[in-house]
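Welcome! Here is a short briefing to read alongside the structure, one topic at a time.

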Amino acid sequence: MRWAPGEGYFWRPAPQADGFSLKDRDVTVDVVIIGTGPGGAAVAKVLADSGVSVLLLEEGPPEERFRKNQGAVMRHHMQEGGAMVATGSTFMPIAAGRGVGGGTLINSAIAWRCPDAVLDSWTEKLDDRRYAADNMRPVYDELWEYLGIWDTLPEIAGENSHMLVRGAKALGYDGGYLARYTPRCVGCGTCFYGCATGGKASTNHNFLVEAATNGARIQADTKVKDFLMSGARVVGVVGQMFHPDTREPGGRVTVRAGKVVVACGGIGTPRLLASSSLDLGPAVGQGLHVHPGNAVFGYCKQEVNWWQGATQGAYFHPPGLPGVLPHTSSLPPEVALLSMAPLGIGAADALAMIPHLAGCLVMISDHSNGSVGAWPDGRANLSYTFLPEDIDRIKAGMVHTARAMLLGGAEWLFCAVSGVGKVSTAEELEARLATRTIQDFTLYASHPMSSCRMGKDPATSVIRPDGRAHAVEGVYLVDSSIFPTSLGVNPSITTMAMATLIGRGIAQVG
Ligand SMILES: Cc1cc2nc3c(=O)[nH]c(=O)nc-3n(C[C@H](O)[C@H](O)[C@H](O)COP(=O)(O)OP(=O)(O)OC[C@H]3O[C@@H](n4cnc5c(N)ncnc54)[C@H](O)[C@@H]3O)c2cc1C
């Protein structure tokens, strides 16, 4: 179904959240939820709807602290100031959002259903049909309607996306404009810095509003640090408020709850578990997938002005490369400048070229994986090891992307891989990439997941199919850390869908 923009979806101003205070706070609720991104917000709505008393605790501030510039976004709305880096095979930054709304505050809101083949593999692994394609379909349908998801309209997509669509079409590749949860999008290209127009359906404009209407409270500026236990049961959490600007510690927050739901994200959840006294078993932090990727840039005769139009508006499926997903992206000009530096183009000329640049990210569903632990100061300790086959898949995806961009209007190309330089054909790119190792790549990832997996075996998974921890009673996980495998598509909608199903289960058992 193609959604008619502007009709039917749920969008309201963000709900009130309590913020920093020097006073300690003691609360007793039925359920405490840690994290307010897709997982935490979706489960909060389901539980509050069914009459359960809910408190959400969120490390970051509410959206009103957004200053529409990259520095402020890094400081307030990226976990660990945007400086989380995995080492291992190479150096790879991994981004995750922070604040009341989690990653949806600063993401591009691209919406995908998890491919049936991936869901089928989960059914087999879990020996449980609750996430089978036919069970997920109605939940995805509900989300499509609730969030006002529709394919990016050509009139707001922008030339960056048009050229990829043109090129992919000329090659006969399957592709088009991306579906996104941006029902009131005007194509201003600022999704990464917080939606400037209220066009995005981030979770603070829907799930959290409805949860709050049904009595849920939100406590922002509060980092959960540990869990309260009674025998082998988790009975609450302890957190600390921090001033959003000075980062000075404030009051302590103690929450006693019948159930604790952890939704801190693919890095945040294992980081919290690893730094706390709660032991959820050997699989915590293992098997991290991130959808790593690189970018191909094209210089076009025509002006592209990639900051005009949807931040990420188009994609295609490269033939014969399942799990490889090129999609357009506008990027900060400084990223383009840094990538152009090795081309030997002077800064003034490079600046003048920026309006003519097109950019396309190439991400893969990774077979490689990594781990998440915690350093003594509580920051994430990330490691990731690349399998050679994944490097080859990124390279192959880049070559297909080059083909599409050249046919779409690019005159020459470059990429963030050292030693490749300027190329004019896809074959030239392929030949130069062939000798490059992973250390030559400037990689990027923003889909951390599968780091506290759902599964049957407590030795290799952290939670059961209904979201409950294997190791102790009273604690559930509902975020992107629970996927049994990598998805291959942008993960936020699947996180919402699984959290919704887990929430319904929690509401049923009471
Ligand atoms: C730049 C960028 C662009 C992206 N674009 C897309 C896209 O277009 N489409 C898509 O599907 N996905 C996209 N993603 C990924 C998507 O946003 C995430 O997969 C999704 O937000 C994860 O949801 P989550 O509920 O698992 O966790 P998160 O959204 O990460 O939410 C976790 C929340 O928990 C909070 N938290 C962490 N630790 C603690 C603690 N100890 N105490 C209290 N609170 C804590 C965090 O501050 C955060 O707000 C993008 C991500 C980034 C960074």
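## Aromatic rings and the ligand

Phe297 is buried, since its relative accessible area is 1%, and buried means under 20%. Keep in mind as you look around that this is a predicted model.

**Phe297 and its partners**
- Phe414 is buried as well, at 2% relative accessibility.
- The ring centres of Phe297 and Phe414 lie 5.0 Å apart with the planes at 25°, so this pair is stacked.
- Over the ring of Trp412 sits the charged end of Lys422, 4.5 Å from the ring's centre.

- The structure has 10 aromatic pairs, and one of them is Trp122 with Phe483, stacked because the centres are 5.8 Å apart and the planes are at 25°.
- Trp122 lies in helix 3, while Phe483 is in the loop between strand 20 and helix 13, 361 residues away.
- Trp122 is buried at 0% relative accessible area, and Phe483 is buried at 0% too.

**Around the ligand**
- There are 37 residues around the ligand, and Glu58, Gly103, Ile110, Ser480 and Ser492 come nearest.
- A side-chain N or O atom of Glu58 is 2.6 Å from a ligand oxygen, and a polar side-chain atom of Ser492 is 2.6 Å from an oxygen atom of the ligand.
- The protein buries 97% of the 1000 Å² that the ligand exposes when taken alone.
- Strand 9 gives the largest share of the shell, 3 residues.
- By class, the shell has 13 nonpolar, 18 polar and 6 charged residues.

Conventions:
Residues are numbered from 1 along each chain as its sequence is written. This is a predicted model: local features need pLDDT of at least 70, side-chain atom pairs count only at pLDDT 80 or more; totals for chains, interfaces and linings use all residues. Side-chain values use heavy atoms; hydrogens and water are left out. A residue is near a molecule or strand if one of its heavy atoms lies within 4 Å of it. A polar contact is a pair of N or O atoms within 3.5 Å; within protein, one must be able to donate a hydrogen and the other to accept it, and residues adjacent in sequence count only if both atoms are side-chain atoms. Accessible areas come from the Shrake-Rupley method with a 1.4 Å probe; for residues, only the protein chains shown count as cover. Helices (H or I, at least four residues) and strands (E, at least two) are DSSP runs, numbered from the N terminus. Ala, Val, Leu, Ile, Met, Phe, Trp, Tyr, Cys and Pro count as nonpolar, Asp, Glu, Lys and Arg as charged, and the others, Gly among them, as polar. Rings of Phe, Tyr and Trp (its six-membered ring) pair if their centres lie within 6.5 Å; planes under 30 degrees apart count as stacked, over 60 as edge-to-face and the rest as tilted. Buried means under 20% relative accessible area, exposed over 50%, partly exposed in between (1.4 Å probe, protein chains only). A charge sits over a ring if NZ of Lys or CZ of Arg is within 6 Å of the ring centre and within 35 degrees of the ring normal.
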